[in-house]
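This report describes how parts of a protein chain that lie apart in sequence are brought together. Please examine the structure below before reading on.

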Amino acid sequence: MCRLGSPGCRTRAGEGPGGAEPSRNSAAPPPPRLPSACPQLPASGCALGRRTGLVSEPLHADSLPRRPQRAPSASALHAAGAEPPILWGLASVFSSRTSRKSASRAGNDSAMADGEGYRNPTEVQMSQLVLPCHTNQRGELSVGQLLKWIDTTACLSAERHAGCPCVTASMDDIYFEHTISVGQVVNIKAKVNRAFNSSMEVGIQVASEDLCSEKQWNVCKALATFVAHREITKVKLKQITPRTEEEKMEHSVAAERRRMRLVYADTIKDLLANCAIQDDLESRDCGHMVPAEKTRVESVELVLPPHANHQGNTFGGQIMAWMENVATIAASRLCRAHPTLKAIEMFHFRGPSQVGDRLVLKAIVNNAFKHSMEVGVCVEAYRQQAETHRRHINSAFMTFVVLDADDQPQLLPWIRPQPGDGERRYREASARKKIRLDRKYIVSCKQTEVPLSVPWDPSNQVYLSYNNVSSLRMLVAKDNWVLSSEINQVRLYTLEDDKFLSFHMEMVVHVDAAQAFLLLSDLRRRPEWDKHYRSVELVQQVDEDDAIYHVTSPALGGHTKPQDFVILASRRKPCDNGDPYVIALRSVTLPTHQETPEYRRGETLCSGFCFWREGDQLTKGPTPA
């Protein structure tokens, strides 16, 4: 058997996109109806084959819970027959891996998981008092020292789960929100979000505490990848079993984050090859530019026993601290001031180094923007007997600003890159800045701040796809779904969260999950069984797993004009046993498909299908290492 979530929605209550009136979108039509000839289900539903199915029972407003009268929310509009902002047949579709037999059971499980006695078995906490020896010239905690503490805490968490030594493979982007002064306490908490074959993702939270005022601040969050290592036998990590809502959400999107890490280098290459990166290198006044070569720094460090872990390998945190040091020197040579590190873009460890290695650290300012600069750092290792044979073991890009007395960023001088590699690094820095801004806008901002339709272009495709899938997976993982109705073993759940009204349907049917995945992931076939899809045009096949469609549907809700949608469809096969097949849908905007007078443009923020195979073991596909 296979459990399938069927059409639902996530809509922002009381507003349309960008604050537009809700009338921009149609009222919710019934979910798609499959041909009545399907034999496996009663009249209220229809099997797609042997093990999965799709609800065909029309969803009426009366089936949704009503709320007390107040300002027009999505559910109130629904109950009154008015049109909510984004509800229609193409909307959120999801289910939970464990069948929700009742809302009370789900609530009790959540209460047990979140109870006072529960603690994640992989969680490790570290608290450090910031002493003068830990600070920089401004009396603030050195970022390098903080990185060493972060790496140590995360490594201990990874080793607690693996039961064997672990090494740092990478550290994702880190954005520093707050500085830490001498005398304050740093509280670091790390836990394993998900384990793959031999690697695992560790989530880290860093906060600072003032012991006198008892105030606390969030400093940063980080995600690190660690690899378990045994010299004799191959490591096969046991899987993480998430219990709390937060753990379920992090676990559900960890595979998608891993996918994004693996394609990051290709994203930069594609952006440079296919997109015009705007820079004013030729128009700048060369008389007021600083040659990039003046910012170049090279330093060598000898790896001693205190710099290494219990395996004899250099601490990843120690290497990161040395990198931060040379990057700060390079940034200072450009601005002639004391810069502040604001962000680090992905430390990637290409190989280990051991006690006795010489590490050569090189840094240079790649590009200077109006208020920030990017410094590139690389690390090479060699043994004393083979200095000419250097191993590239790490690289990273760091973003610095210079703050005035009011903590406002100051204007920076322009950089003049060297011809050849210098100009390449200059343009790559511009590409990375664009990706950072896109990523921060798409991935980091809150759902309530995201417009229903986000402009699509090749530079932000990776993060749009990530946001598309992760939003649906995180919505699935929420614990506070309420069972609204159940008819013929078809369950309707609703969720009111912040400014959103969401719902999903759930049923178990007899169709092979892989076959259903192929059918549902190609929207061009949907008009065959869904009368609310009048036509579907494939606008662009972005890659193997992502495509953009233009969908038209008939006029509904008393409107005379038909409706159209521009939809990004992202599909994912299961990463491991227990993972669902995912088909995530969201609205995007394209310059080639602007809103026209012929149609009313509809939009959806978070929608799709999630379904699991029931009973039989899931056939494992390519699995992360």
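Arg613 is buried, because its relative accessible area is 13%; buried means under 20% relative accessible area, exposed over 50%, and partly exposed in between, for a 1.4 Å probe and protein chains only. The model is predicted, so that local features need pLDDT of at least 70 and side-chain atom pairs count only at pLDDT 80 or more, whereas totals for chains, interfaces and linings use all residues. Residues are numbered from 1 along each chain as its sequence is written, and side-chain values use heavy atoms, with hydrogens and water left out.

**The chain as a whole**

The protein chain contains 9 helices and 26 strands. These elements are DSSP runs numbered from the N terminus: helices are H or I with at least four residues, and strands are E with at least two. Of the 625 residues in the chain, 55% count as buried. Among contacts between residues at least 6 apart in sequence, 73% join residues at least 24 apart, where contact means heavy atoms within 4.5 Å.

**Salt bridges**

A salt bridge is a side-chain nitrogen of Lys or Arg within 4 Å of a carboxyl oxygen of Asp or Glu. By this rule there are 30 salt bridges. Three of them are listed here.

| Pair | N to O distance |
|---|---|
| Arg257 and Glu201 | 2.5 Å |
| Asp357 and Arg391 | 3.0 Å |
| Asp512 and Arg613 | 3.3 Å |

Which parts of the chain does the pair of Arg257 and Glu201 tie together? Arg257 lies in helix 4 (residues 245-262) and Glu201 in strand 8 (residues 199-209), so the pair joins parts that are 56 residues apart in sequence. Arg257 counts as buried because its relative accessibility is 8%, and Glu201 counts as buried because its value is 1%. Both residues also belong to a network of salt bridges that links Asp172, Glu201, Glu250, Arg257 and Arg261.

The salt bridge of Asp357 with Arg391 links distant parts of the chain, 34 residues apart. Asp357 is in the loop between strand 12 (340-349) and strand 13 (358-368), while Arg391 is in strand 15 (residues 391-401). Asp357 is buried, at 0% relative accessibility, whereas Arg391 is partly exposed, at 27%.

The side chains of Asp512 and Arg613 form a further salt bridge, and this pair is 101 residues apart. Asp512 is in the loop between strand 20 (500-509) and helix 9 (513-521), and Arg613 is in strand 26 (residues 607-613). Asp512 counts as buried because its relative accessibility is 18%.

**Helix 3 and helix 6**

The axes of helix 3 (residues 143-162) and helix 6 (residues 316-335) come within 8 Å and cross at roughly 165 degrees. Helix 3 is therefore roughly antiparallel to helix 6, a term for angles over 145 degrees. Here axes are lines fitted to C-alpha atoms over the stretch in contact, and angles run from 0 to 180 degrees between N-to-C directions.

Val143, Gly144, Leu147, Lys148 and Asp151 in helix 3 meet Gly316, Gly317, Gln318, Met320, Ala321 and Glu324 in helix 6. By class, this contact has 4 nonpolar, 4 polar and 3 charged residues. Ala, Val, Leu, Ile, Met, Phe, Trp, Tyr, Cys and Pro count as nonpolar, Asp, Glu, Lys and Arg as charged, and the others, Gly among them, as polar.

Gln145 is also found in helix 3, and Gln145 counts as buried because its relative accessibility is 16%. Gln145 and Trp322 are 177 residues apart in sequence and 9.5 Å apart in space, C-alpha to C-alpha.

Key: Parallel < 35°, antiparallel > 145°, perpendicular 65-115°, else oblique.
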